[in-house]
Amino acid sequence: MLGMNIHWLVRPGMTCLKLFCCLFPFILTLVSAVSDKSDNVTIIVLHDFRDINFRKLLDATESLVNVKFSTKLNLHCEDIFLDNHNDVTGRHLFNVGEWLRKNRKVEAVVGPTDSDGVLLFHPHAVLLRAPHFAPVATDPIFESTDRFPFLIRMQHDYRHQIFALLGVMKKLNWRTTAIISSDGDYERRAAERFSETAEKSGMNVLRQICGEQTSRTQIIDCLGVVKRSGQRVISLICGQKFASQMLDVAGELKMTGSGWAWILWSDIIDDIPMQDDIPPHEETSVRWKTNTPTYLLDIPGLLAIKTYYSRGLLFDDFISEYLKHNSTKGIEFPTIKRLKYVDSILAAVNGIISMENTPDDDRISLLHHVTSANINSSGVTDNIILDPQNRISRHSVRFDVMNCKDNGKWLKIGEWTDNNGALESLSRNFTLDMDLDELLLPGGEMEISSYLAQLQFQVFEVVTIDSPPFVYINKTKVSRTFEVGDSYVQYSGFCIDLFDALSKELGFQYNIRNLGKTGEFGSRNPVSGHWNGLIGELVSSKADIAVAPLTITENRATVVDLTSAFMETKLKFAINRDAIMHGTDSFVYGRFSFLHPFSTELWVALMISVILMGIYLTVISRLSPYGAHGHYFQSERGAESSVRMARRRSSAFLPSSTNFRRSSLGISVDKRKNYGAQNLNHGRKSAEIHRQVESDSDEEEEEQVRQDARRFMSINNALYFACAGLLWQSPECVPRALSARIAAGIWYMVGVIIVASYTANMVAFVSQTSTTSRLSTVEDLLNQRMILPATVASSSVDSLLMTSNLDVAERLHKDILRNPKISLQPNVASVLNLTNRGDVAFIWEGVSLDYFASKDDCHLTTIPLGFGKASYAFALKRGSAFTEAFNRQILKFRQTGFLEELYDKHFKETCMGSSTERETSEAYDRLTYSSLSGVFLMISVGAAISVLMIAIEWIVSSFSEIDRTDLKKPSDLSSALKIKLQRLKVDFNSNWLPFRNIREHWSKFRPTKETDIPTKIGFPSEQWKRFSSSVGSEKLHPGESISDPEL
C-alpha cells in the first residue's frame, strides 16, 4: 500500500523533471535574450548595389560601431537587395515591408537608394515605428514632414543640382538645352522642374522622355526628335543603365562628336569612384581601383555634376575597418553614394545610444533621439548635422563639375557651392568656380557649333490646315507643290509665302502636309488633358512646325514654342446684311443727304466741267465751218450780211436799218400800200417803192437766218446742252459739226458714268446706312434676340469670352450658352455657313472676317467688337533651338516692310461697305475726285480730238471754195484759208462779243440827244450840218426824199 502511494507520488515528479529538462534551454535563451535586449540592434538596409563590396562595407560599419561607440551594442545590419530594374510595379518592395512587419524587430531602416523606392516603402516604416533614413534620395516631395513623419533625409533635394546645372550652362553661354529623362516618376519630376526653372531663367528647353524599358528603335526616335529640333546641348537625367543605352545609341547617330555637348545627372556618376576621391595614403594607394563604365570612357568631352566627396572625422577609421574586411588587392574604393549609407547607419546608432542612456521614465520616440543626438556628431563623409524640425542635413551644398578627358579620366574642372543651403537664397548665395581653360567638349572642341549653322541642314516636317487667305490648298496660283502619294497638293497664301521666305533666308528645307478640312488649330481637352489639331501634332512629335494663323494664348505657350507675332488684329463680329435685326430706329435722312454719294471736291469738279463744256461747245460751233454758226458766218453770204449789219449798226438812233430807210423815205409800210391807190399819177415813184418793200422783206428773212445761226449754239444753249447731256436728257439744240459731235459723244459717255456711279453709291449709302443703323455696335447685338452670337468651340476667342472679366464679354458668353448647339461650331466653315444664312453673328478675328466679308458679293458686314486683340504666330515644338532664329527673321521682315507687302498682296480684295470699322457715322466711302479722275481725262482727250477735227474741217471747207474759173473766188488753198480767216475775224468782231450787242440793243430805249447822233452813227459833223440844214429835211412830205447826192 505504501509502495503504491510512493509510486503515485514519484510518477508526477518525474514528469515535471522531464518537462523542466526539456524547457531549460529555451528558458535560458529567453532569459539571456531579455537580459541582453538593449544590446542587440538590427538595422535594415535596402539597396540596389549588385556587387559583394557593399556587404563588406556594412561589415566594416558594424566593426566601426563596436569599436568606436560601445562594446555592449551588438549592431547587425541586415541588407536586402532590391532589383529596381525588374521590379517596375514595386511589388517586391511591398512584400519586403510586409515580411519585416511580421518577422523582424527593426530599430531603423536605411534606404532604398532611389526616391521612388523611398516613397513606396515609407508607409511600412511608419507601421514599424522605425526611423526611415533616405541616404541619397533627393526628391523635393520629401519636404513634407506631415506626409513623411518618420523620414530623415541625409542629402538636399535635387533643386540645388538644377541650379548647379544652370550655373554651368550660363557660365558657358549656353541658352538652349534638350532634357532627356527616363520614365521613372522621380526622373519625370526632376526633368519637369529643370525645364520650368530653365525657362524662367530665359533658356530655351526641349523635353524628351524615354522609358528605361524602351526598345532601341524608340531611343533612336527620341534622339531623332532632339536632332531635328536643333538642340546641341543635352542634359541627361536618369540612372546608369539608361545612360549607357542612351549614349551608345547617340554615338551611332553621331551625336557625341564635334558640335555636341552632354551634361550628366549626378545619379549617373555618383556611384562611380573617381581618381580624385582616393585618399593619398601610401598604405592604400595601391589597393584601390576605379572601374569606370566603358560608355563613360569612350566619349571624351562629357560633362557631369557630381556630389562633392567630403571626408569626416571617422573617414580614416572607417577606411581601416573597410580594408580589414577586404584582404584581396584591387578592391573598389567606396563611392560617396555608398558612404552616405554609412553615415545614415551611424546617425541611427547615435540615436539608439542616446535613447539607451536616457532613464525609462524620460524616454520618448527613437526618432526624437536620432534628430537630437545628431545635431553635430562625427561621420564618415562629414559631420552629421540634422535639422530637428525638418529632419534634413544642414550641410552646405556642394557639387563638383567633372569633365572626361581624352585619356578617359574624369577630372574636376569646377565647383558649385551654396553656403546657405536655403533654397530661397540659391539665386544670390551660390558660387561657381570653373576653369574654362581645362574644359574639353566632344570632338576636342572648346565650344559647341552655332545652332544657326545647323539650321541650314534641317528638313522640317510642317503641318497646316486650310485657312484662306493665310493658307490655300489646291489653288491655281501656288507657292509650293508637294507630292503626297500619287497626287500633288498645292499650297499658297500669306502664311505659306512667309514661311517660304523664312526657308530661303535661314536655309532650311521642309515637307508640308495638311490635316484636312476637319482640322483644328488646337485646343486642350479639359478631361483628358490631350491637345488636338495643329498643337496636338507638335505635342505628340508628329510634326516640327505648325504653319497657320495660330493665335498666341497662354495655354498654347506652355506646350509649344510660339514665334514672334507676324500679324495683329482686333476682334469683330460679322452679320448678314439682309438679316432682320432689331435695335435702333430707322435712319433719318437730312436735307442734303442726296449729296452724300459724291465728295465736295467731286461736285465742284462736275460743275466746273459743265461750264467748261458749254463754253467749249460754243467755241467749237463758231470755229467749225460745218457748225450752225460757222456754216453761215464763214460763208460768202454770211460775210456780206456781217458787213451790211456792221454798217447799219451805225444808225444807233433807229431801231433797225430797215426802219431807218423807211423813216428816211418819210413813209411807213402801211402808208405806202395806200399811197399807190390814192396817187395813180405817181406810177414811177410807186414802182420804186414796191421794189424797196420787196428788198426789205428779203432782208428781214436774211436777218432771221442770221439770228438763228447766232442763237443755235450760243452760250446759254451750250450750257443747257451740257447739263441735259449729263443727266441723260434731250436738249433742243445739238451740235452739227463732226468736231463738236465728238466732244458731245464723249460727254454723253461721261454722263452715263457719272449717273451710274451716283446711283450705285446712293443705293449703297441707303442700304448700308439702314443696316448699320439697326445693328452697328455690340450693344445692339446684345439688345436683340433674333440673332445669336456664335464662334468656334474651344478656340482662342471662345476662351477669351469665357475667361474675360469684362461685362460685355460675360454677356456675350452667356448669350452663346443659350443655345450652344448653334452658337458653338466645330470649325470656321460651319459658323460661316450659319452667318451667311442670317442665323448667327460670327465673333472672330477681324482680319479674317474682313476677308470673308469681301467675298460673296459683300454679303456680310463686319463690326468691331470693342475689346479683345489677337496676334498670329507660327508654332514650333517645345524647346526648339530654332525659335530664336525665327523670331529674329520675322522681326527683320517687319522692319523691312516685307510683312506689309504680303498683307497688301493677300488682303487687297476688300468690300467698300463690308467693314464698318469707322470712327464716324459713315457706313461706306464717298466717291472722290481721284476715284473718277479717269472720267475727266476722257473729257480732255475728247476735246483734243475735237480740235484736231476742226483743223481737218477747215482744210476740207477751204478746198470746197476753190474755183479757178471764177476770178472772185480763191484759186488755191492758201487764198481760201486767208479768206476764211478774214471772215472769221469779221464774225468775231461782229458776233462773238455778246456785251457789245447788248449795249447797242439797250441804247435804243435811252433818249438820244441830237448832238449825239453824229457821233453814234459815225457821220462827219460838216456832212450832218448840211443834211440837217437842207430845205424841208425835217418836214418831208410823203413821197419826197433828200435830193442832196452827198447824203
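Which strand does R153 lie in? Select R153 and see: R153 sits in strand β5, which covers residues 151-153. Keep in mind that this is a predicted model.

**Stop 1: the whole protein**

Zoom out before going further. Show the protein as a cartoon. There are 39 helices and 27 strands to find. The protein has 1047 residues, and 48% of them count as buried. The accessible surface comes to about 52,800 Å². Carbon and sulfur atoms hold 54% of that surface.

**Stop 2**

R153 is buried, yet it has no salt bridge. What is the nearest side chain of opposite charge to R153? It belongs to D157, 4.5 Å away. A salt bridge here would need a side-chain nitrogen of Lys or Arg within 4 Å of a carboxyl oxygen of Asp or Glu.

Now select the contacts of R153, leaving aside neighbours within four places in sequence. They include A134, F142 and E143. L386, N390, R391, I392 and S393 are also in contact with R153.

**Stop 2: the largest nonpolar core**

Next, select I43, F133, F318 and I345. These residues have the most contacts inside the largest nonpolar core, which has 44 residues. Which elements give two or more residues to this core? Colour these strands: β1 (40-47), β2 (74-81) and β3 (108-110). Then colour these helices: α2 (53-68), α11 (315-324), α12 (336-356) and α13 (366-373). Helix α12 gives the most to this core, with 10 residues.

Stay here and pick F318.

**Stop 4**

Move to helix α19, residues 600-623. Select V604, M607, I608, I611, L612, I615, V619 and I715. Together they make a nonpolar surface patch of about 690 Å². Helix α19 gives the most to this patch, with 7 residues.

Click on M607, which is found in helix α19. Is M607 buried or exposed? M607 counts as exposed because its relative accessibility is 53%, and the cut-off for exposed is over 50%.

**Stop 3: two cis peptide bonds**

Select G111 and P112. The peptide bond from G111 to P112 is cis, with omega near 0 degrees. P112 is found in the loop between β3 and α4 (115-128).

Now jump to P468 and P469. A cis peptide bond joins P468 and P469, and omega is about -5 degrees. The loop that holds P469 runs between β16 (459-464) and β17 (472-473).

**Stop 4: two positive phi angles**

Select R129. R129 is not a glycine, yet its phi is positive, at about 55 degrees. Look for R129 in the loop between α4 and β4 (132-134). R129 is exposed, with a relative accessible area of 60%.

Finish at S794. Where does S794 lie? Find it in the loop between β24 (788-792) and α28 (796-803). Phi of S794 is near 60 degrees, a positive value in a residue other than glycine. S794 counts as partly exposed, because its relative accessibility is 42%.

How values were computed: Residues numbered from 1 in each chain as written. Predicted model: local features only at pLDDT ≥ 70, side-chain atom pairs only at ≥ 80, totals over all residues. Heavy atoms only, no water. Helix = DSSP H or I, 4+ residues; strand = E, 2+ residues; numbered from the N terminus. Buried < 20%, exposed > 50% of the residue type's maximum accessible area, 1.4 Å probe, protein only. Areas by Shrake-Rupley, 256 points an atom, 1.4 Å probe, with all protein chains shown as cover. Lys, Arg positive; Asp, Glu negative; His and termini not counted. Contact = heavy atoms within 4.5 Å. Core = buried A, V, L, I, M, F, W, Y, C linked by side-chain atoms within 4.5 Å. Patch = residues over 30% accessible without salt bridge, like charges linked within 9 Å, V, L, I, M, F, W, Y side chains within 5 Å.
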